[in-house]
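Please have a look at it first.

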Amino acid sequence: QVQLVESGGGLVQPGGSLRLSCAASGSIFSINAMGWYRQAPGKQRELVAAITSGGSTNYADSVKGRFTISRDNHKNTGHLQMNSLKPEDTAVYYCNAEIRILGVGVRDYWGQGTQVTVSS
């Protein structure tokens, strides 16, 4: 069984920073792409940032220059450093990973979500 567990959300003032972490555990052979998505109330879930196993990154236009995605392939962890946060960044943030499991193949997994609130 594979689990993704996020941490690091919370309440921060506009202009502040937060660092989200995502830890994958279980019978993992390898992890392909990892990504962070967010969903604000009344809105659809959207991609925030993604990173391949080789380190190539992709960002939503709204977070470019403010957010940085990274990963540690040896520890099966991913991170999202969020700087210069704005009230419109308020959402539940979800970690996503494409994980290869021996004898099973590649499956898509989601974390439980962590709340990020940007407010004064």
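Let me start with a question: with which residue does K64 form a salt bridge? The partner is D61, and the closest N and O atoms of the two are 3.1 Å apart, where a salt bridge is taken as a side-chain nitrogen of Lys or Arg within 4 Å of a carboxyl oxygen of Asp or Glu. D61 counts as exposed, at 64% relative accessibility; here exposed means over 50% relative accessible area, buried means under 20%, and partly exposed lies in between, with a 1.4 Å probe and protein chains only.

Before I go on, please keep in mind that this is a predicted model, in which local features need pLDDT of at least 70 and side-chain atom pairs count only at pLDDT 80 or more, while totals for chains, interfaces and linings use all residues. Residues are numbered from 1 along each chain as its sequence is written, and side-chain values use heavy atoms, with hydrogens and water left out.

A search of the whole structure finds four salt bridges. In one of them, E46 meets R38 with the closest N and O atoms 2.7 Å apart; E46 is partly exposed, with a relative accessible area of 35%, whereas R38, at 6%, counts as buried. In another, the side chains of D89 and R66 come together at 2.8 Å, N to O. That pair links distant parts of the chain, 23 residues apart, since D89 lies in the loop between β8 (77–82) and β9 (91–101) and R66 in the loop between β6 (57–59) and β7 (67–72); strands here are DSSP runs of E of at least two residues, numbered from the N terminus. Both D89 and R66 are buried, and R38, E46, R66 and D89 are linked in a network of salt bridges.

Now to the strands. An open sheet of four strands has the order β1-β3-β8-β7, with antiparallel pairing, and two strands count as paired if DSSP finds at least two bridges between them. β1 (3–7) and β7 stand at the edges, each with a single partner strand, so one side of each has no neighbour in the sheet.

Within the sheet, six bridges join β3 (residues 18–25) to β8; L20, for instance, has L80 as its bridge partner, and A23 stands opposite T77. β7 and β8 also pair over six bridges, and there D72 has T77 as its bridge partner. Five of the six residues of β8 are buried, so this strand is largely enclosed by the rest of the structure.
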